[in-house]
Amino acid sequence: MARIGSGTDTRTIGSRQPARRSRSTLRRSKDVLALLQEDHKRVQKMFRQFQKMDHTDVDGMNALVEAACSELEVHTKLEEELFYPALREAFTDEEEQMEMLEEAQIEHDTAKGLIVSVRALQPGEARYVAAFTVLGEYVKHHIEEEESQIFKQAKKAKLDLQGLGEELKERRRQLMDGQEEDIGDGAADQRIR
Ligand SMILES: [Fe+2]
Ligand SMILES: [Fe+2]
């Protein structure tokens with residue numbers, strides 16, 4: 001007897017598509033600066049939350065720290081892949097602006113090293129709270145400079161901030177889907193003392 005694909009269910013109701021994307025996405029999507037700023041706020045909130053929490057709550061700290069580190073990894077990657085390169089193009093002949101971007105990149109690299117240091121510690125260890133606090137202070141400094149200098153210049157430059165925002169959202173989706181493969185191994189090699 002043939003049991004060739006005796007189709008219980010072979011036909012998916014395939015042609016039903018969600019036809020509801022046009023309105024909200026096309027009409028008023030956030031530009032890249034607004035999206036990055038949202039990230040900044042979210043991660044700073046996590047650092048503040050950490051300061052207030054019970055530092056004997058090892059699991060709670062671990063969960064929050066990991067969430068913040070992942071958030072930072074995605075954020076820096078998005079900036080390095082999309083935002084900074086777009087600025088580099090737009091800034092072509094301004095030496096000061098290029099230096100500003102170099103500085104930002106170095107700060108990202110340092111922050112990544114700090115993330116590795118934090119992850120190398122156990123939540124119960126004495127330096128754990130200190131290490132994450134230092135990361136928070138460092139990130140705060142970077143965010144302040146980024147928003148006051150880089151964002152300011154980005155607004156003046158000829159940039160499709162809206163289009164970049166769309167690209168950023170798409171790339172974020174990809175990164176969130178494959179976060180382990182995409183980010184995990186790269187960061188694991190960098191170790192700061
Ligand atoms: Fe940044
Ligand atoms: Fe940023």
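**Helix packing and burial in a predicted model**

User: Helix H2 (residues 32-52) and H6 pack at an angle of about 45°, and their axes lie 7 Å apart. Why are these two helices called oblique to each other?

Analyst: This is a predicted model, in which local features need pLDDT of at least 70 and side-chain atom pairs count only at pLDDT 80 or more, while totals for chains, interfaces and linings use all residues. Residues are numbered from 1 along each chain as its sequence is written, and chains are lettered from A and ligands numbered from 1 in the order in which they are written. Angles run from 0 to 180 degrees between N-to-C directions of axes, which are lines fitted to C-alpha atoms, for helices over the stretch in contact. Under 35 degrees counts as roughly parallel, over 145 as roughly antiparallel, 65 to 115 as roughly perpendicular, and the rest as oblique. The angle of about 45° belongs to that remainder, and H2 and H6 are therefore oblique.

User: Which residues make the contact of H2 with H6, and how do they divide by class?

Analyst: Val 32, Leu 33 and Leu 35 of H2 meet Leu 161, Leu 164, Gly 165, Leu 168 and Lys 169 of H6, where contact requires C-beta atoms, placed from the backbone, within 7 Å. They divide into 6 nonpolar, 1 polar and 1 charged. Ala, Val, Leu, Ile, Met, Phe, Trp, Tyr, Cys and Pro count as nonpolar, Asp, Glu, Lys and Arg as charged, and the others, Gly among them, as polar.

User: What makes H4 roughly antiparallel to H5?

Analyst: Helix H4 (residues 95-120) and helix H5 (residues 126-156) pack at an angle of about 160°, with axes 10 Å apart. That angle makes H4 roughly antiparallel to H5. The contact of H4 with H5 comprises 13 nonpolar, 6 polar and 2 charged residues.

User: Is the crossing of H4 and H5 left-handed or right-handed?

Analyst: H4 passes H5 in a left-handed crossing. The term applies if the near helix is turned anticlockwise from the far one by less than a right angle, and right-handed applies if clockwise. The crossing of H3 and H6 is right-handed.

User: How do you know that the span of H4 agrees with its number of residues?

Analyst: The expected span of a helix is 1.5 Å times one less than its number of residues. The 26 residues of H4 should therefore span 38 Å, and its end C-alpha atoms are 38 Å apart, which agrees.

User: Why is Val 65 called buried?

Analyst: A residue is buried if 20 or more other C-beta atoms lie within 10 Å of its own, exposed if 12 or fewer, and partly exposed in between, with C-beta atoms placed from the backbone. Val 65 has 23 such atoms, so it is buried. Val 65 lies in helix H3 and, neighbours within four places in sequence aside, is in contact with Val 118 and Phe 132.

User: What makes Tyr 128 count as buried?

Analyst: Tyr 128 has 20 C-beta neighbours inside 10 Å and therefore counts as buried. Tyr 128 lies in helix H5 and touches Leu 121, Gln 122 and Pro 123, not counting residues up to four places away in sequence.

User: How many helices and strands does the protein chain have?

Analyst: The protein chain has 7 helices and 0 strands. Both are DSSP runs numbered from the N terminus: H or I over at least four residues for helices, E over at least two for strands. Buried residues make up 20% of the 193 residues.

Methods
Two residues are in contact if their C-beta atoms, placed from the backbone, lie within 7 Å.
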